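Happy to walk through this model with you.

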Amino acid sequence: MSPAEVNGRGYRRPERKAAVVCLDGVDPRYLEDAFGRDLVPRLRELAEQGVHATGRSQLPSFTNPNNLSIVTGAPPAVHGLPGNHYLAPDGREVQLTDPSALRAPSIHAVLAREGVRVLTVTTKDKLRGLLAAGGVPCVSAERAAELELDGAGPVAGLVDRPVPGIYDWDCSHYALELALALAARLGTELLYVSLTDFVQHAAAPGEELSDRYLAELDRLVGRALDDGWRLGLVADHGMNAKPRVRFLGDVLREAGVGGARVVLPITDPYVVHHAALGSCCWIHVTEDELERARDAVAAVDGVEEVLTREQAAAGLQLPADRIGDLVVLADAETALGKTEAEHDLSALRGPLRSHGGRHEQAVPILLSERPRGAGADLLERGATNADVHWLLLGEGA
Ligand SMILES: [Zn+2]
């Protein structure tokens, strides 16, 4: 087949079965630490034979926009999702999980139309509808006990252990096991697997929980390599400890900006991870209060940038109609909230670790084979997570 064009780039049918895995929240420091202590021999082998680079995520460094950039090969301005959550035109805050929100097809959807056997598996069910857009087969680990793909009963039957809970340390590994088993049954040629970052929200590099996660990930990566998969591993975003929270709703009220509304695009159903606190937020405010809101927020210790809607849309490649009138980015140690009363920090299990800003933009890129030509040049210049499929099976491979 000649390369299929998806969002301005050409992608070929994989010559050998290929998988991209989104290591949710796996900041490059987790892998560097694990390589340094010989904790992950199969990942090391992959890195030494192929590529181990540090790339960039899309901003804001949240899960849904970056997963969609990985599968569409395009920035949020093209695929349409600037966050997990947004303020809809009717004034309600809603999750951006419905496939109708997408403005671009995925690489999987286009290649499936060309006859390539594709499959996507997500740990968190919140991504299932988005990854399934365009008729792509998709199941989630979270609902593996109910979901069927080809009439052969719930997909959970393919994995020889009970379905873990979404807050269990090995739910990501279950998703990977499920994906490899399903792919074997379906003869999948192109696989995408999205893990969950519960462990990374809970544990820093080198902590016992993180080591356990990485050692088991290494075993499964080894299984995939032995089984003949060509692999691209990438993260949606990094992760930092955030000991400070700034409640911008309270800041705006104290500054007398009565009509402003703070929207947190990290918001999702998994509050144990982050209590809806991350390092980027939108502020919706009327034009006559905009300057006052901007000055009040810019004066907050820990706030690094306050962009207007136009500046953010152009500078960060975001869809202008789905962000705030102001876009606020915080420093590495600071998370942003609405009002203090609106966040239940008791849901967190331990100190807050989160993401969303520029300081969580560094992501690992590991490829089991070294690209030639244009892909090698791009890696040299600095790739983003949206480039991984192109590096694996595009004209960059
Ligand atoms: Zn994530």
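Q: Why is helix α3 called largely enclosed by the rest of the structure?
A: First, a word on the ground rules: this is a predicted model, where local features need pLDDT of at least 70, side-chain atom pairs count only at pLDDT 80 or more, and totals for chains, interfaces and linings use all residues. Residues are numbered from 1 along each chain as its sequence is written, and side-chain values use heavy atoms, with hydrogens and water left out. Helices here are DSSP runs of H or I with at least four residues, and strands are runs of E with at least two, numbered from the N terminus. A residue is buried under 20% relative accessible area, exposed over 50% and partly exposed in between, with a 1.4 Å probe and protein chains only. Helix α3 spans residues 63-72 and ten of its ten residues are buried, so the helix is largely enclosed by the rest of the structure. Among them are Thr-63, Pro-65, Leu-68 and Ile-70. Just after α3, Gly-73 takes a positive phi of about 70°.

Q: What makes Ser-69 count as buried?
A: Its relative accessibility is 0%, against a limit of under 20% for buried. Ser-69 is found in helix α3. Leaving aside neighbours within four places in sequence, Ser-69 is in contact (heavy atoms within 4.5 Å) with Gln-58, Ala-74, Pro-75, Pro-76, His-79 and Ala-386. The C-alpha atoms of Ser-69 and Asn-84 are separated by 13 Å, with the two residues 15 apart along the chain.

Q: Why is the arrangement around the zinc ion called irregular?
A: Donors are N, O and S atoms within 2.8 Å of the metal (3.2 Å for Na, K and Ca), and water is not among the atoms, so sites may look incomplete. The zinc ion is coordinated by Asp-24 (OD), Thr-63 (OG1), Asp-236 (OD) and His-237 (NE2), at 2.0 to 2.2 Å. Four donors are tetrahedral if all angles lie between 85 and 135 degrees; four are square planar and six octahedral if opposite donors are over 155 degrees apart and all others between 65 and 115; anything else is irregular. The four donor atoms here subtend angles of 90 to 145°, which makes the arrangement irregular.

Q: What makes the lining of the second largest cavity nonpolar?
A: Start with the term: on a 1 Å grid over the protein atoms alone, a cavity is a set of points where a 1.4 Å probe fits but cannot get out, and lining residues have an atom within 4 Å of a point. Ala, Val, Leu, Ile, Met, Phe, Trp, Tyr, Cys and Pro count as nonpolar, Asp, Glu, Lys and Arg as charged, and the others, Gly among them, as polar. The lining divides into eleven nonpolar, no polar and no charged residues, including Ala-19, Leu-180, Val-193 and Leu-231. Helix α9 gives the most, with three residues. The space in this cavity is about 50 Å³, where a volume is the space filled by probe spheres set on the points, joined across faces, edges and corners.

Q: Why is Asn-7 called partly exposed?
A: Asn-7 has 27% relative accessibility, again between the two limits. Asn-7 is found in the loop between β1 (4-6) and β2 (9-11), and has a positive phi of about 50° although it is not a glycine.

Terms used
1 Å grid on protein atoms, 1.4 Å probe; cavity = no way out; pocket = protein on both sides within 12 Å on 5 of 7 lines; lining within 4 Å.
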